[in-house]
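Visitor: I would like to learn how to read a structure like this one. Please take me through it feature by feature.

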Amino acid sequence: MNRIRRSLAAATALAVASGIALLPALTSATPAAAAVSCNGTSLVLGVNVSTHVIGHVRVPTVGNGSGNWVCELGLGNDSVAVARLQIALDDCNLHARLTVDSDYGPLTQAAVVAVQKHYGVAQDGIYGPVTGFAMTWPYQGGGCGSIIFNES
């Protein structure tokens, strides 16, 4: 499963870098556009990594309910999107033991770098769509799940 996730993450990274969209969610941002900050959360389609059942995972998005997870989080961000990332880092990704405080500080950045290293994506400490697609998220109904694609 990790090998598949790393392959998908590498393909997504290549697609984002070259401006080619592999996923519907990645088509909404132009390669030259400035990164949009994640300010909300949305449920998107995901698959439970234990049961392989398709359902939903809640991820940081451009706005609440937007379904657009082509956004970034980094040092200084403070929002519900950061809290959602911190929950995922704690519950489903290397059990980072972060305080869920909605503040993207040095500890959250270090946890993101560790996850990026674990999944084989660029280690810049900035959460973005490539990192979001590579990592796992709390799955609605319990457990952890991976993003399949954006429903919108």
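Visitor: Which residues is leucine 89 in contact with, leaving aside its neighbours within four places in sequence?

Guide: In general, nonpolar side chains in soluble globular proteins tend to be buried together. In this predicted model, leucine 89 is in contact with Leu94, His95, Ala96, Leu98, Thr108, Ala111, Val112, Val115 and Met135.

Visitor: Which residues of the largest nonpolar core touch the most other members?

Guide: The core has 27 residues, and those with the most such neighbours are Leu73, Leu85, Leu89, Tyr127, Met135, Trp137 and Ile147. At least two residues each come from strand 2 (54–61), helix 2 (80–91), helix 3 and helix 4 (129–134). Helix 2 gives the largest share, five residues.

Visitor: Which residues of helix 3 are buried, and where do they lie?

Guide: An α-helix has 3.6 residues a turn, so residues three or four places apart point the same way. In helix 3, the buried ones are Thr108, Ala111, Val112, Val115, Gln116 and Tyr119. Seen down the axis of helix 3, they fall within an arc of 140°, so they line one face. Pro106, Leu107 and Lys117, on the other side, are exposed.

Technical notes. Residues are numbered from 1 along each chain as its sequence is written. This is a predicted model: local features need pLDDT of at least 70, side-chain atom pairs count only at pLDDT 80 or more; totals for chains, interfaces and linings use all residues. Side-chain values use heavy atoms; hydrogens and water are left out. Buried means under 20% relative accessible area, exposed over 50%, partly exposed in between (1.4 Å probe, protein chains only). Helices (H or I, at least four residues) and strands (E, at least two) are DSSP runs, numbered from the N terminus. The arc is that of the directions from the helix axis to the C-beta atoms. A nonpolar core is a set of buried Ala, Val, Leu, Ile, Met, Phe, Trp, Tyr and Cys residues joined through side-chain atoms within 4.5 Å. Contact means heavy atoms within 4.5 Å.
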